[in-house]
Amino acid sequence: GRAFYVQLERCSGIADKVVSVRLDETKYIRQSEQVKAAIEQYFDKQLLVEVVDTPVLYAFEVRLMPEEAHPRYGRICAGKEAVDAWGGMTIFSKVEARKWPKLDFLIQQLQELCRVPVRVQLKGRELKADDGSGRNPPASVHTALNGMLGGGAPGADAARAAKEDGVQGHATVICTHGRGQARELHTDATGQAQGVFHPGNFAVSCEAESPYDVLTPAVFAVPARFALMEIVITATMKKKCTFFVVDHLGRPFAHFPLLLTPKDPTAERLRPVRLQTKASGRGKARLGRGVWVGTYDAVEGEPREVWPVSPPHIELEVLEAEVPQFFKICVHRVRFTCDIMLRTRFQEPVALCPFVVRGGGGTDVARSKSTDIGVVTCDLPAGRYACLLEASESSPFVSQQFDITVNDDGSFSPLDRVVDTKTAEVRFHLVTPDGEAASGCMFHLAPQFGEGGGPKPWELTARSDGSGLAMASALLLE
C-alpha cells in the first residue's frame, strides 16, 4: 500500500564549475517545468512531480519514487542512492539516452507502471410509490449490501441477499478519463467489478440503453498509491413512466408509435426512446430525469401526407420525484382507422383479397390485402372513397367496387360488405347402391345454410343422363 510520486532530477549549480559550451541551465529549468506541468495535468494532479536539483553534469532523470523518499521528510535522495537505497524506478535518463525526453513517452511509461487496483461495487436506488397502506418501504429506497448476516449466506442465499439489497449484477460501468480514454467494467452477480487504473480522475456512466439514470459519485479519483481502492457507486434507476395517447375526440389511440427524444442534445446519458401503445392507447417506458420531446415515430422515408395525425410536438418533464409519472398525450387525428368486414352470402370470410382505396381524384389512398378473417383495414381522412377489390383469376371472389364514407368524428360506413363469389360448373356422377349408373335421376341442390325459413331462391334442379352424369352451376364457397 505504498504511495508514490515522480521525482525529476535536473542538472543545476555547476555552470561555473565546469567548462562546457553545451550546458545551459536555463534550458534544464524550462524543460523540467514543462515535464512537471504535463505529467500533473495529464494525471489530474493525483500524481505529483517533485523537481530536485543535482550537481551532475547533463542530468535530467525521471524516476518513480516511494513516498518515504520525498524531500519533504528532510532529505534529498538522488542519483544512485535513489535507486539502490529507496528502490526508485528510473523511467528516463538523459545521461544514458543523450537526448531530451518526449512527453508522450514519459506519460505512456507512467501509465504502464502506475497501475492501481480498483474495485467497484454497483448498487441501485429505485423510486417506489406508496400505496397508502403504510406497509410499503420508503418511496426512495437507497440500498446497500448489508444482508450477509451470520457470517455470510452461501450460494443461492448470497445471491438472493444481494438481489434484495439492490446489488446491480451483470451491469456495465464506463469509466472515462479526462483525456477521453474510456474502459468498461462488467459487474458480476454480486455487483462487483475490478480493474487497474492509473492515477487520475475518472467519470463514471452507464450505457445509454441501460435502466440506470444517474450514478453517484459521478467522478472518482484514483490516488498515487499501490493499494486496492474500493468505491461504492449508487445508480438511480430510470423512472417508470406510463403514457396514455388519445386523439382529439378523446378516444384511445391504439398502436401509436411514439418517439421520445431528450430536449437537451448535449445530455449524453439520455438516448431517444421508442414505444408503441397497446390497444388501450397505453404504453410504458423507463426514462431518465430531464425534459423530453414526444413526436410521431414515422417509418423511414414515410411522407407526412400519410401520417395519421398532425405532426405533434409535446414536451414532457421527468422529475426526480418519488412516484412513477403518468403522461396523457392528446394528438389531432387526421386519418381514422376503418375496419370493414367482408363476407360471402353464407358468412365465409373474404380472406387475403387484394384491395385498393381511391380518393375523389382517382389517386390511390391505401393499398393492401384483407386479413385472414376477411377484414379490410385502412387509415383514411374524412371524406368519400371507392374501395376496389382486385380478386385474381384463381381467387373464388368476384372483383367489385363499393363506397366508403368517413365522417369528421371518425365514424365510417359501411361496417360490413357482402362479396359475391364466382360460379363454377360442377359434374355429379350418380350411382345406385349396387354401383350401377343412376340414369334419369332428378335431384335438387340448395345451400346448406339458407337465409330464413322461406323458399330457397338458390335451389338448383338437375337430372342425370343415361350414364348417370349431371352438370350444374354452383357458386364457390357455398
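Patches are made of residues with over 30% relative accessible area and no salt bridge; like charges are joined within 9 Å, and nonpolar side chains (Val, Leu, Ile, Met, Phe, Trp, Tyr) within 5 Å. The model is predicted: local features need pLDDT of at least 70, side-chain atom pairs count only at pLDDT 80 or more, and totals for chains, interfaces and linings use all residues. Residues are numbered from 1 along each chain as its sequence is written, and side-chain values use heavy atoms, with hydrogens and water left out.

Start with the whole chain. Its secondary structure comes to five helices and 32 strands. Helices (H or I, at least four residues) and strands (E, at least two) are DSSP runs, numbered from the N terminus. Of the 478 residues, 40% are buried. Buried means under 20% relative accessible area, exposed means over 50%, and partly exposed lies in between (1.4 Å probe, protein chains only). The chain exposes about 26500 Å², and carbon and sulfur atoms supply 52% of that area. These areas come from the Shrake-Rupley method with a 1.4 Å probe; for residues, only the protein chains shown count as cover. Contact means heavy atoms within 4.5 Å. Among contacts between residues at least 6 apart in sequence, 63% join residues at least 24 apart.

Now the surface charge. Lys240, Lys278, Arg282 and Lys284 form a positive patch. Lys and Arg count as positive and Asp and Glu as negative, while His and the chain ends are not counted. Each charge is placed at NZ of Lys, CZ of Arg, CG of Asp or CD of Glu. Arg282 sits in strand E17 (residues 282-287). Its relative accessible area is 38%, so Arg282 is partly exposed.

Next, the paired charges. Side chains of opposite charge can pair when their charged atoms come close. A salt bridge is a side-chain nitrogen of Lys or Arg within 4 Å of a carboxyl oxygen of Asp or Glu. The count by this rule is 17 salt bridges.

Take Arg72 and Glu67. Their side chains meet in a salt bridge at 2.2 Å, N to O. Arg72 has a relative accessible area of 53%, so this residue is exposed. Glu67 counts as buried because its relative accessibility is 19%.

Arg119 and Glu230 form another salt bridge, with the closest N and O atoms 3.5 Å apart. This pair links distant parts of the chain: Arg119 is in strand E5 (residues 116-127), Glu230 is in strand E13 (residues 229-237), and the two are 111 residues apart. Arg119 is partly exposed at 25% relative accessibility. Glu230 is exposed at 57%.

Glu315 pairs with Lys263, the closest N and O atoms being 3.0 Å apart.

Arg358, Asp364, Arg367 and Glu390 are linked in a network of them.

Finish at His429, in strand E29 (residues 423-429). His429 counts as exposed because its relative accessibility is 55%. Leaving aside residues up to four places away in sequence, His429 touches Ser467, Gly468 and Leu469. His429 and Met471 are 42 residues apart in sequence and 9.1 Å apart in space, C-alpha to C-alpha.
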